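Dear colleague,

Please read them with the model open beside you.

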Amino acid sequence: MADLNVNGQVIALDEDGFLEDAGVWNEEVALALAATEDVSELTEDHWKVINYLRNYYEQFGVAPMIRKLCKETGYDLKKIYELFPSGPAKGACKIAGLLKPTGCV
Amino acid sequence: MSKEQARIPYEAKDLSVLRLAPVAVEDRPKAALELLGEMLKYKRSLRLYLDVCTHCGACAEQCHSYLGTKDPYNMPVARVELVRRVYKKFFAPGRSVFRAWEGAKDLDQETIDQWYKYFHQCNQCRRCAVFCPKGIDTAEVTIAMRELLAHLGLVTKFHAGIVKNMEKTGNNMGTPLPAIKDGLEFLEEELKEETGLDIPIPMDVERAEVLFNPSSSDLFTNTDGLMAVAKIFYKAGVSWTLSSRIAETANFGLFFHEPTMREHSRRLVQAGKELGVKRIVAGECGHGWRTWRMFTDTINGPLPFPVVHLFEEVLEYLRTGRIQFDKSKNPEVVTYHDPCNYARGGDLIEQPRELLRACVENFVEMTPTKQYSFCCGGGSGILMDEAMDLRVALGQPKAECVRATGAEILCAPCAICKAQLPVVMDHHKVDVRVKGLSDLMGLALIL
């Protein structure tokens, strides 16, 4: 996938459109990633999910269980899909700058 | 991206985890011929399948890949012909002058490209073998050809990534141990909230009766299933444990790389031996089950304990009255999807049905069913996002089977099926929820 251009800085993406280097993530990068996911605006609800994912990722190096994400943010899966149309593992993780969850998911 | 490109999985750039030296692109045709020659020496089934096909075509209309894509190369006979025509020219018995008349072909770069493409459009589901008068099992040819491609340096990015995760963490998702422990603690709290009981999900308990090996997606998306398993062991009064060494029944090595398959199996057996358990119980995963049941004793035996499937284990509890179900808890119409490797490679056809009839009120069979059932379209690890167009095409015949049942719940007790079927049903507009059998048993279990 084409790289992202964020304020003149080129951010490398992998073939699935996830960050090559999770370390370059910041809020502006999140906004640019959101545009690739057809999420036109990041609302307070979006940020609640993104911040939870980022905090978990920083502590454990991986995305949390989906069930835990729902419980801790207070959003059910339907709501998460409304916020991130391609779902928690793809859309939400991508915008939050996490590595792509893989396996039987 | 063109529609054709959208059907070809990305190639892995880094194959170091497979300990294979990549072959330079220009050297691939020569190397492929040597590899095929070597493989024919020790894989007698491959040689047999290349020799005995009569081109009768009985397989064509039985293959969901052909039915879903309408690509003639996806007829099993034509898929294997991509290898057979090379075999005829270089390796088959008889005089070479005759072989040229039978469509024999040089092995060139185009052939290798076709191999990569079409051996990743076969789900290794083995349905063709049920209908072939000569018993040709295309899955075995696909497994062999993916192995050959791996030796050329051609492995999908998705599969290579999973092997890397498995080596590093003991699970395909690459979840580090602290995250697994955090997740299990959370699920114990969820169980407490749901039942009011202290139902443990133990790890590394020495001399437990059972080592339960889940799919790692049970720790991410399919958590209802793992919680149900915890409830069942609790109610049956069986001491059980997970292992911190391995939490993965899905053995992707089976699909394309035998040494990886063997190592995955060895890791589980070692975990069982170290913990001193009485038996290993495998969670919901089709191909993983085929590996555990059919191959483990041969490649890593003799084993000091049996490897059984969760359904065999739970059926024993049910038949002996150690657990009971209240089927009124599952009043919906439920149909059952036979994972290919249960019904055509793992001897699990009636056991899940006996459990289903005990835990749901309205079980309906779909047509075709059991060993004739169609694949979900995700088999052999065709779960890549970039191949989504292919995945929904491969799943199309199954979608129609499910639609015809009118079921509200599709019970699909395999981690790959659980990842693939919601996508397929959504795409083909079949209004059904996908659940594991464990999930349904958990709902109906009388605690």
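Which residue stands opposite Ile409(B) in strand 8 of chain B? It is Arg433(B). This is a predicted model, in which local features need pLDDT of at least 70 and side-chain atom pairs count only at pLDDT 80 or more, while totals for chains, interfaces and linings use all residues. Residues are numbered from 1 along each chain as its sequence is written, chains are lettered from A and ligands numbered from 1 in the order in which they are written, and side-chain values use heavy atoms, with hydrogens and water left out.

Strand 7 (residues 409-411) of chain B runs parallel to strand 8 of chain B, and three bridges join them. Both belong to an open sheet of four strands in chain B, with parallel pairing and the order 6-5-7-8 (strands are DSSP runs of E, at least two residues, numbered from the N terminus; two of them pair if DSSP finds at least two bridges between them). Strand 6 (362-364) and strand 8 (433-435) of chain B are at the edges with a single partner strand each, so one side of each has no neighbour in the sheet.

Turning to the interface, 34 residues of chain B are in contact (heavy atoms within 4.5 Å) with 21 residues of chain A. The rule finds nine salt bridges across the interface of chain B and chain A, a salt bridge being a side-chain nitrogen of Lys or Arg within 4 Å of a carboxyl oxygen of Asp or Glu. Asp224(B) and Arg67(A) meet through their side chains in a salt bridge (2.6 Å, N to O).
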